[in-house]
Amino acid sequence: MKAKDALIVLLIAATMIVPSLHLDAPSELDQDHFIAHAGTTDRVVVDGAPSEMSADEVIQFEAIIYDAVNTVIVGNVNWSVSNGTISDEGWFYPWSSGTVEIIAEYEGVEGSFNITVIPGVATTIEVTSTQFYAKESAPLTADLIDGRGNRLAGGTGMVWDVDGMYFGQGTPMFTPDSTTPFELKVRFNQLEDSATAIVSAGAPFEFVFSENLQVRAGTLTLIQPSLVDQNGYEMSLSYTPSIGWYAENGSFNAQGEYSATNTGRWAISATSGNITGSGFIDVIPGDAVASELKFVDDPELFVAGERYEVVFDRRDENGYIGFVSPDIDSIVTDSGGLSADDGHVYWSPSEVGTATLVGTDGTVSTQLVVEVVHGQAIEVVMTSEPTAAFAGDQVAILLTAVDVKGNSWVVNGTINMNMGNASQISDMGTYQLIQATTTQSWYFEGNWFDNETGSMFVADYGFDVHPGPLAFIMLAGDGEQVPADGEIDLSPEFYDAYGNQLPDIDLNWTIDDSDITLEMMLNSNRWVASTLGGHEIRVNADGVFATIRLTVTAGTAHGLVTDMDDGLLVRAGVPTDLFVQVVDVHGNLAEATAVTTPFNSTLGELDASPTGLGFWQFTGKESGVYELILQEEGALHVIPLTVIAGEPIRIQASLNQKSMAEGDVVLLEAFGIDEFGNIVTMEGENTSIDCNAGEANFVTDGTWELRLTDGGTDRTCTLRWNGLLAQTFFDVDDVLLGGAVGSTNTAMSMAALLLCLILAVLVVLARKASSVEGADWVDEAFDEDDYDDDDDGDDDGHNEEGDDEALSETPEIQDNTPSNKRHGLSPEEIAELAIEAGKVGVMQATPSTEQGQTGWYVDVSEELQYWEVTPEGEWIRQE
């Protein structure tokens, strides 16, 4: 650092010396090579410093030492300051704001520099306006204080609160309303301060004496008036140390003590310079030995609402006599009220009639008794007696005047009815009388002229007549039928003796002598039925009773039951009764009267039965097994239903073949049909059959086997069953041999077969002949010994045994045994197979046949049939 300072000094010296040299001509020094040395210190200059700095800054000062010829001398100066601190290197640390002198000293020579230090950045704020005078405006001020304690008056950025309420910004003017201290709070950026401001009275202005100065005669009393400023704010009497006194009667000493000599009210005053004040003092007797309570001015009439001053007429032991205003607590009254005003006591009567006042003056008690009359009317009101009107009451309508104390009296004015029933009102002269019988609204207008004050008063009045006492209770639902799971709102209504309806009243409820009050209250007067039959409901309130009777029927259908739940069997066309009952949620049963069914009407119909309630007739139409669904009010019930065929009305017969010839055996099938087209099975016992084509034998129900023996085109079979008759006509072709071997085709086939056999024999013989020489073939052909039973075939696949069989083949002999017997089945077994086929809807195989394979089967008609089942699953019936 010292090397740097030396360098700076050399540079400054160079700038000062170089301009003085004449470089264009050699100097004497140059010629003689003379070296100059610094002289004695002449002055010290503080150089390069600013004129102002903040208290938060640090500045380094520099000093230059000169000799007499302005040569810079190198050396270390001694630094000092008038305020703050400075280091040996010239670093200045300010303290307080203001002008600071910086002093640099070298070898006894000093140089100085004045710099202005201004406050730094504020770190705190302080309220400075804490003293105010009442009713006088003064600014709100605060100082900003930096880190070194330097103050700076706050500016526009300050925000003020007075007693917690925003007041203004900057330095606003504030005027206290009273001498009550108040709280100030100021904010500046992040700084805040608060203080309690004291408000004082202003300059002394006048003396104020008490309004009720009272002293006793013959005593010495200190009198101290109040000293106030021009706004009436009190201050200490010490601000006026010397006071002059004056009394109209009696005297003051220098200390302000007043000596009372005569009773009465006397003027007094006090003076101090230009400050004065005056008042009055009451001189009263001493303790009473005799006292009487009186009214000032002795009024003859006491009117309610007026004010009368009360005093004691007192005499003391020294003979002083005078009126004394009593203490308000020393007087009591049984009417009206007492008040104190400027040291005087006043009585204000209120109620009309006799009033008594009792006063106690020391040890002496006194009493006043007066009569109070009502005051002047201030208004007129219209009233009714009684104030609450009910049907059956007599109601008087009155015009009443009212004074200031609320005393009222009836006046004779005019009353007109604007709303009401004229038939119920009577004019009684000074009032109107109503005989109320109906609940309704009334409205009246009236007027009265007060001759005493010359004022006209008007009034109006309206009221409602309410129902009278309870006389009747009416309940809904008498005689009604209520479903067991339903409810009925009994809706009780209440009436007085004049038929006016009353509001709802709490009732006591019983049903069949059982209390149900709580249940009815919780259910809002709705009774929920549960038990079938008749019931009596009774209510009572205020000694009034009401009774109703009603019947409970079964409730909404929750379920259905019938007398055929195990199954209903009906014959087509024959109506069959079905008894149906509904079941409610309580298990009560009742006849079902509105049963419906989604059953297809083409299969059967359900209708109401004439038998009675709950009976329904079902008439079946199409035979079969079904489920009958019954419905009523959302309830559903299903029962099994079986419809069998009805009475037949005709017979239908047919043959199982269309083309027939003599010798054929055909099946004649017949069945009955009822009115709905259902098939009725024909049994053999009640059936007779006549056929002119051959003999008919009964096979099974509805099936006969007909062996055709007589051909022709007019063949017929006649069936008779249960009074019904049916005929079927058919043609039977004539065949060879009269059908002994079957049809013509069968006979031709047999002939062809015989010819083939003969031809085969001839072929065999021819071949034999060709294989044997000469005549030996005949012997060989007919040599029975050469035949054997071994299976020795020749090259063409035929053997002699086969030929013998072919030669011995004869036509087949027809088996006329019934088919069931051929298969070893009894009619009962065939019937069982037919019933099973009806249940499952599939033909049933006989014991000798595997179900689903080629063989013999029985269908629902109990017919035995032969069916071929191809590998492709096709069924072909074989005749």
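1. T576 sits in strand β61, which spans residues 576-583; strands here are DSSP E runs of at least two residues, numbered from the N terminus. The model is predicted, so local features need pLDDT of at least 70 and side-chain atom pairs count only at pLDDT 80 or more, while totals for chains, interfaces and linings use all residues. Numbering starts from 1 along each chain as its sequence is written, and side-chain values use heavy atoms, without hydrogens and water.

2. Is T576 buried or exposed? T576 is buried, at a relative accessible area of 18% (buried means under 20%, exposed over 50%, partly exposed in between, with a 1.4 Å probe and protein chains only). A polar atom of the T576 side chain lies 3.3 Å from the backbone oxygen of V574. Setting aside neighbours within four places in sequence, T576 is in contact with L568, L569, V570, W616, Q617 and F618 (contact means heavy atoms within 4.5 Å).

3. The largest nonpolar core contains 40 residues, and F132, L184 and Y258 have the most contacts inside it. Such a core is a set of buried Ala, Val, Leu, Ile, Met, Phe, Trp, Tyr and Cys residues joined through side-chain atoms within 4.5 Å. Strands that each supply at least two residues of this core include β11 (122-127), β19 (182-188), β20 (191-200) and β30 (275-284). Not counting residues up to four places away in sequence, L184 touches several residues, among them F132, W160, D161 and A197.

4. The whole structure has 16 salt bridges (a side-chain nitrogen of Lys or Arg within 4 Å of a carboxyl oxygen of Asp or Glu). One of them joins D42 and R43, with the closest N and O atoms 3.6 Å apart. D42 is partly exposed at 40% relative accessible area, and R43 is partly exposed at 31%.

5. R307 and D341 form a salt bridge at 3.7 Å, N to O. R307 is in the loop between β32 (302-303) and β33 (308-316) and D341 is in strand β36, so the pair ties together parts 34 residues apart in sequence. R307 is partly exposed, at 47%, and D341 is partly exposed, at 31%.

6. The side chains of R720 and D690 also meet in a salt bridge, at 3.5 Å from N to O. Because R720 lies in strand β73 and D690 in strand β70, this pair ties together parts that are 30 residues apart in sequence. Salt bridges that share partners join D161, K185, R187 and E192 into one network.

Key:
Helix = DSSP H or I, 4+ residues; strand = E, 2+ residues; numbered from the N terminus. Polar contact = N/O pair within 3.5 Å; in protein donor to acceptor, adjacent residues only side chain to side chain.
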